[in-house]
Amino acid sequence: MGEEKKPRIKMGRQAWMTVFFCGMGMTAFDIQYLVRNYYVLYKEATGNTDGQIGTILSAVGVAAVIAYFYNGFLSDLVKPRTLLSIAYCIAIVSCIVLMLNPGYIVATVCFVVFALTPLWASVTKLIASTTPEELSGKVFGWLDSFNGLTGLVIGFVASWIVAKANAAVAMRLVLILYMCMAVLSLIGLQIICSGGKGEVKTNSEEDKMSIKNLSILFRDPNQWLVWLGIAFGYTGYIGLTYLSPMLAEYFGVSTAAITALNTIQNNGITFVLPIISGWLSDKAGAVRSYFIWLAFYILSMGIVLIIPWTPAFFMVGILSVLLLACSVKGRSPLSSSMLTHVRTPLWLFGTSVGIESLILTIPDTFAYSIAAGWIEKYQMTGYKYVFLACLVFAALGLVCNIILDKRMRDGKTSEKFFAQLRGETVEK
């Protein structure tokens, strides 16, 4: 049996094309988090205050929560090709408007509109339906890696421009490059989805989205443990957002250096680490491997809360940024592969991804505004409040993962849970 499966688990040309173009599309999707990923550069380019940026990030968070509420369900009802085509077109329009530097209000509207578009659940559904389950870790790892490669090019070009010219020019060029990625992704999507590829075929009439099946999904402990565990790990982005301005304000790191560091943390690490994360996920299991990335999160926050905040310790501060970046980028491929490894039904996969995304973005609706308020009111102490809160979230994620790991060792999969509640039997 093992020998027969070997050819099936190799990534073919179609799989590589899907992962490449979807990875490029995910880079275009990063427009939604442009302010978060290039906090210092965007602030300098636009002249926005910390409070205004906090409002933008919170508004994007609210929009993302609303979008994730319906995007997951939508991805199980509408073809990924249709939804992704809409998302890429909106990305192109958003870039054109933002390039004109339209001002705080219009820019906020652009980010919010883009955050409302369907993308992530459709991408994961497309990939999960076109690649073998045995390769889920590797496939989602390569997805993030291609995303990182394309973003790496954008980021290093931006850091070079900001050093040679100014932040406004660099930001405009970043937007042009994002727009090019969206155009190429739109073209590539039509190629990889030709001939009806990426459409899920079910085995019975019951294998579809229905109130009954949704109620089972919401009662499945594995789903909640994955959703919450991934969501707590995702809060690492909050810490990562405020580590950059902390380095500029208290450690004396220049804007050009921070832009380069942002590029490394957002794209360079994304290019390399997800491949390792995906490989480890397929070897040790997605649930088991998640312990490593949560440990990096805890270590990073521990370091930044202990060290003196002076220019003499800037290298240690940068180390804490890189550790946290490794945590969030190593965790990223697992957000989907964990759902595969607990054996989530494919015909509800998009819905599960949507719910997971909804839960992990809920903190974005208020966390950035609270963090900005703490920083503006308490300065250094405010930053420490933010990082202490992140440390608590990391510990909660660890608890969820410990419980999920025990359930998997006991053979309590989601597939078995569905079968039991539907009165069916499932093969071991």
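**Close-up views of a helical chain**

Of the contacts (heavy atoms within 4.5 Å) in the protein chain between residues at least 6 apart in sequence, 86% join residues at least 24 apart. This is a predicted model, in which local features need pLDDT of at least 70, side-chain atom pairs count only at pLDDT 80 or more, and totals for chains, interfaces and linings use all residues. Residues are numbered from 1 along each chain as its sequence is written, and side-chain values use heavy atoms, with hydrogens and water left out.

**View 1. The protein chain has 21 helices and zero strands.** Helices (H or I, at least four residues) and strands (E, at least two) are DSSP runs, numbered from the N terminus. Of the 428 residues in the chain, 57% are buried; buried means under 20% relative accessible area, exposed over 50%, and partly exposed in between (1.4 Å probe, protein chains only).

**View 2. Helix 13 (residues 236-250) crosses helix 19 (residues 367-378) at roughly 35°, and their axes come within 11 Å.** Axes are lines fitted to C-alpha atoms, for helices over the stretch in contact, and angles run from 0 to 180 degrees between N-to-C directions. Tyr 237, Ile 238, Thr 241 and Tyr 242 of helix 13 meet Ala 367, Tyr 368, Ala 371, Ala 372 and Ile 375 of helix 19.

**View 3. Helix 17 (residues 334-341) is largely enclosed by the rest of the structure, because seven of its eight residues are buried.** The buried residues are Leu 334, Ser 335, Ser 336, Ser 337, Met 338, Leu 339 and Thr 340. Just after helix 17, Arg 343 has a positive phi of about 65°.

**View 4. Tyr 250 and Trp 309 form a tilted ring pair, with centres 5.7 Å apart and planes at 55°.** Rings of Phe, Tyr and Trp (its six-membered ring) pair if their centres lie within 6.5 Å; planes under 30 degrees apart count as stacked, over 60 as edge-to-face and the rest as tilted. The pair links distant parts of the chain, 59 residues apart: Tyr 250 lies in helix 13, and Trp 309 in the loop between helix 15 (286-306) and helix 16 (314-331). Tyr 250 is buried at 15% relative accessible area, and Trp 309 is buried at 7%.

**View 5. Tyr 250, Phe 251, Trp 309, Tyr 383 and Phe 387 are linked by ring pairs into a cluster.** The whole structure holds 19 aromatic pairs. The charged end of Lys 384 sits over the ring of Trp 309, 5.2 Å from its centre; this requires NZ of Lys or CZ of Arg within 6 Å of the ring centre and within 35 degrees of the ring normal.
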